[in-house]
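Morning, everyone. Let me put the model up, and then I'll walk you through it.

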Amino acid sequence: MARAVGIDLGTTFSLIARVNPATGKPECVPGPYGHPLCPSVVSLDPDGRIVVGEPARRRLLTQPERTVYSVKRLMGRGLEDVQEELARFPFRVDPDSHQVVRVLLGERAFTPPEISAFILREVKSWAEQAFGEPVDRAVITVPAYFNDAQRQATRDAGRLAGLEVLRLVNEPTAAALAYGLHRERRGRVAVYDFGGGTFDISILQLIAADQGDIYRVLSTCGDTHLGGDDIDARLLDLAREEIYRQWRMEVDRWPEALQELRRAVIAAKHALSEQPATTIRLLLPDGAAYARSLTRAEFEDLIRPIVERTIGPVRQALADAGLKPSEIDEVVLVGGSTRIPLVRRRVEELFGRPPHCELNPDEVVALGAAVQADILDAGVRDTLLLDVTPLSLGIETMGGVVARLIPRNSTIPASAQELFTTGVDYQTGIEIHVLQGERELARDCRSLARFRLPVPPLPAGMARVEVRFTIDANGILQVEARDLHTGEARSVEVQPSYGLTQEEIERMLEESIEFAEQDFTERQLIEARLEAETVLRATEKSLAEPEAGDLEADERARIDEAVRALREAMRGPDYRLIRARTDALNQATQGLAERLLNRALSQALAGKRVEET
Amino acid sequence: MAEATEQGVVCWHCGQPVGTETFCPACGKIQPAGPQADYFAVLGLPRQLALDPAAIEQRFLALSWKLHPDNFVRGSERERSLALERAALLNDAYRTLRDLVPRIEYVLEREGLRREGEARQQAPPELLEEVFELNETLEELQSVRQQGVQDAVVLERLREAAAGFEQRLQELDRRLQELARNWDEAVSSGADQAARGYLEQMNEVLNRRSYIRNLVARVTAELVEV
């Protein structure tokens, strides 16, 4: 039987990992492109085929209206509370969405759990390809600060992908687990997890007990809508404004150009983690060239307010754990955004000690998830994770005030019971509104569920029904009720305010057969051929330009040979060979491509000079 | 539910007697907790108020190893649901008994002196004058701030008042510790009447304490805004 896997279902990238049975060490599974990062991008081809990952990311440029990224931002959220996201991200939301948002890919609408399920299926297929056996059980990670609805949506995605979700594990906790294996470590650890779309801070205590290691979360805090995405959006705004000022051109009206620009600013962001300056380049639809040099200092000034937004949650988590920054023994950095030097400096300044970043910040969460999957599945009993609920749980009482039942940072599972009685004679039900959040009033908290508690028809105040609210080890609410007169359990149908019903999930599972997994190699072959065709077309176009005439004979011969070799590979079934030869052709035409770009740039500059004089 | 027969409580799985054990001595299956399990019993602690925090934590961690739902992922549905119930109860017990104040509140609830979640506030009579003054100072500060000026004198008075009330809180905490020890002794020597008296005194101290804490919180909030 295949071992259970760990999956990091991320905003920008997703990864799958498992503990290697031979070495006992967790390893990420590389995908068909040779690395373990699967872009969390999903596209629906006009022929009805679902495309996920790297090929879908390329479709962001060619078919943006059929492609979606960062869908994690919409998980477990209603139409009215994603308005801010809709203003900042090019989500195409079905106007007919009810409580659960639906995203349009071309003409079809999908819920965020369905789209996430496509991503999960993709990485699952990577693992199945690598292990040569089916994968059906997984630990999936979630941001520690995810609420009940966001967790349920993630669990639904797992089920829609045909996975038994053994556990939802908080991302910073998973990272701590991966680090704990990496080296001997005891004491209090702060995990600062700044990813693509979410920020989490968790304070853990690592305890060596007779039975093994205990990873005990003392407190957690965060922001489920703060991440590298926000930094990209800031840079994008800057570039958009400058392009508008210079050329009166609204890039937003060209979705392809906007995606090119997004790719360019992300490349610039990455470059500035390594070097002191870079240039954002974009060829505009009318042939003008935007080239904007950006220094690290200017970049840091731009993003400082975003980085500062992580500090409040850090202070809150420390206060909740009853600790001062100096009482933290180790600081661990997780998530791609912690590669930014400003982030590292700020964390170091806050805690007064250099943070750890020995493990790849992109992989560490998936590695920890694999370790937890192994613990749960293989019955390893030498490690214990004690996690907490990030938000207080309460119910609405008279006047819209929230009565807190389970405080935030309670170790989970946790429960609380409330006794309910009737106020009116022969009343047959009591309305109960369950909320999550720290505010006093129900309207400021997150609605989890409303349900009607059935009670026996008795004179007012006679009925006595006890309701037990339990937050399970996944951080998900369960409700049970018991009639104290009869001792009978009463079933309670709790319909989540922003979730899918059981029936909806079943229906989606049936529908998903339509998108039944094509054979892994078949899919790779289709994608590899499509990519090859794109590159071949671009090459033909370049060779028709006047610059092609200036090519040295041997350079031209190399291009022709690369084209011939690629065409030959495309006739065969080996997707790896096609990819390798596509790369080779890209290499061979690089000099030509540069010459073409230089011409465009000098023309643009000449144009500008004419304008200025 | 475990069935109660003439032999006492028996295991839901194998039918052997289990008594009050968490795991069946015969088949090892996890057993349901009683309907009104006492938090002290859940943690295996003596029913007393003066407890060593390290000892409470030790018990909590040792029991977590046994009861955490992670241990039952491959178990039957029944076992998983029992583990969830038991682990939640353990965590609830630890959360409640870990610190002295909620520990005292729990005992007061169990003894019928306080209703669950109830936090009555009672202005201590000997403090009435000081509270009155503090309220005046707070109002003064608010009106001064509306005019957009900082009044150093008013601020200083507020800080002094806050420090004074903080000191009161510490005194009350010491008083609670003392009463807690007294209660433990009275209970262990069977002096029920005296024990009841200590509980009533603790209840009163708690009411004052929450009143003063609210005051301090209000003042702190004002000072933070400045």
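First, a term: a nonpolar core is a set of buried Ala, Val, Leu, Ile, Met, Phe, Trp, Tyr and Cys residues joined through C-beta atoms within 7 Å. Buried means 20 or more other C-beta atoms within 10 Å of a residue's own, exposed means 12 or fewer, and partly exposed is in between, with C-beta atoms placed from the backbone.

Housekeeping next. This is a predicted model, where local features need pLDDT of at least 70 and side-chain atom pairs count only at pLDDT 80 or more, while totals for chains, interfaces and linings use all residues. Residues are numbered from 1 along each chain as its sequence is written, and chains are lettered from A and ligands numbered from 1 in the order in which they are written.

Now the core. The largest one has 170 residues. Which members touch the most others? They are Val5(A), Ile7(A), Ile16(A), Ala17(A), Ala175(A), Ala366(A) and Ala369(A). There is also a second, separate core of 12 residues, with Leu49(B) and Trp183(B) among them.

Take Val5(A). Setting aside neighbours within four places in sequence, its contacts include Ile16(A), Ala127(A), Val135(A) and Ala373(A). Contact here means C-beta atoms, placed from the backbone, within 7 Å.

On to helix 3 of chain A, residues 112-131. Helices (H or I, at least four residues) and strands (E, at least two) are DSSP runs, numbered from the N terminus. Helix 3 of chain A spans 29 Å from first C-alpha to last, close to the expected 28 Å. That expectation is 1.5 Å times one less than the number of residues. In helix 3 of chain A, 16 of the 20 residues are buried, so the rest of the structure largely encloses it. Just after it, Gly132(A) has a positive phi of about 70°.

The loop between strand 20 and strand 21 of chain A holds Asn409(A) and Pro413(A). Asn409(A) is not a glycine, yet its phi is near 65°. Is Asn409(A) buried or exposed? Buried, with 21 other C-beta atoms within 10 Å. The peptide bond from Ile412(A) to Pro413(A) is cis, omega near 0°.

Tyr426(A) also has a positive phi, about 55°. Tyr426(A) sits in the loop between strand 21 and strand 22 of chain A. With 13 C-beta neighbours inside 10 Å, Tyr426(A) is partly exposed.

Last, domains, with bounds from an automatic or database domain assignment. The centres of domain 1 and domain 4 of chain A, over C-alpha atoms, are 33 Å apart. Their contact takes four residues from each.

Key
Two residues are in contact if their C-beta atoms, placed from the backbone, lie within 7 Å.
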